[in-house]
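These are my notebook entries on a structure that I opened for a first reading. I set down each point as I looked it up.

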Amino acid sequence: MSILKLGVAYAVREEVGFEALVEAPLEKVLDMLTELGFSGIELNIANPMKFDVKRYRKAIEDRGLQVPVISTGLSYLTYGYSLTHSDNEMRRRSIEFFTKYAEIAHEFGCDRVVIGLARGRGDSPQALDMLRDSIAKILEATEGLGTILLLEPLNRYETKLINKVSQFVEFVKSMGCPKRIRMLFDTFHMALEERDPYTALIQSRDYLGYVHLADSNRLAPGMGMIDWLKIIAILKAIGYNYFVTVEAIPHPSFEDMIRVASATLRPIIEMLG
Ligand code: LER
Ligand code: MN
């Protein structure tokens, strides 16, 4: 049995309704994932206040799948809320959303919530201080749940706030290294930002809480230039033992993307992971 589990990231746009996810309806996606040997589905939820946990839990658990994390970037893209917004009310709503995301994660039994794009673009000089302050507030509000916040270094075209592993390390140190902040290492972002993404992955070993897999062009693993054997071998060597979740552009379709990802990654994970 391999210790690494394969997941895929899935965008939930709950305000259009469960059945209206026409491009890749949940039930169909879950059936495909089971067929292709995936173990989990990451839910990126635009509005946690409108999310029907029971319904999703049933569909997911009926198929024996897990939810490894709840992700949050759609709240920024849909409503503009961010943890570093210059408007206090927008920042307050973002923190409120995160508290709700933590409750949803807890209901799925995973307790990990992603901070990706919802941290904001980082245009103001106060952004880092605001991020520290917002994260401290979320940690406090979710203390009873023990939620782990997965802060994800993102490439410079998406934010100015924390683009590299070293900047993540500096940031958590500046907060006193709370145990409940871990790193999300995304291979696509790190292939853009790091001189050597493989060394960067090794350097993230003490902080790693989750991994996103996409190739150098953000297509499915296997469609770009990343050495997947090397990535999985490093994860194994540094003792990472949670999900590796494909977060790639669904090109030419969602189904093709997960088929290619599965064909690339499963044999490697079965051999090494
Ligand atoms: C989120 O996980 C991510 O990687 C960002 O690029 C937002 O799309
Ligand atoms: Mn990512």
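Is Leu26 buried or exposed? I found Leu26 to be buried, at 2% relative accessibility; buried means under 20% relative accessible area, exposed over 50%, and partly exposed in between, with a 1.4 Å probe and protein chains only.

Before going further I noted the conventions. This is a predicted model, in which local features need pLDDT of at least 70 and side-chain atom pairs count only at pLDDT 80 or more, while totals for chains, interfaces and linings use all residues. Residues are numbered from 1 along each chain as its sequence is written, chains are lettered from A and ligands numbered from 1 in the order in which they are written, and side-chain values use heavy atoms, with hydrogens and water left out.

Entry on Leu26. I placed Leu26 in helix α1 (residues 26-35); helices (H or I, at least four residues) and strands (E, at least two) are DSSP runs, numbered from the N terminus. I then looked up its distance to His189: the two C-alpha atoms are separated by 27 Å, and the residues are 163 apart along the chain.

Entry on the metal. Which residues coordinate the manganese ion (ligand 2)? I listed Glu152 (OE), Asp186 (OD), His212 (ND1) and Glu247 (OE), at 2.1 to 2.2 Å. Donors are N, O and S atoms within 2.8 Å of the metal (3.2 Å for Na, K and Ca); water is not among the atoms, so sites may look incomplete. Along the chain these donors follow the spacing E-x33-D-x25-H-x34-E. Within this set, Asp186 in strand β6 (residues 181-186) and Glu247 in the loop between β8 and α10 link distant parts of the chain, 61 residues apart. I noted Asp186 as buried, at 0% relative accessibility, and Glu247 as buried, at 19%.

Entry on the backbone. I recorded a positive phi, near 65°, for Ile162, a residue other than glycine. Ile162 lies in the loop between β5 (148-151) and α6 (165-174) and is buried, at 4% relative accessibility. Arg218, not a glycine, has a positive phi of about 70°. Its place is the loop between β7 (208-213) and α9 (228-237), and Arg218 is buried at 17%.

Where is the cis peptide bond? I found that it joins His251 and Pro252, with omega about -5°.
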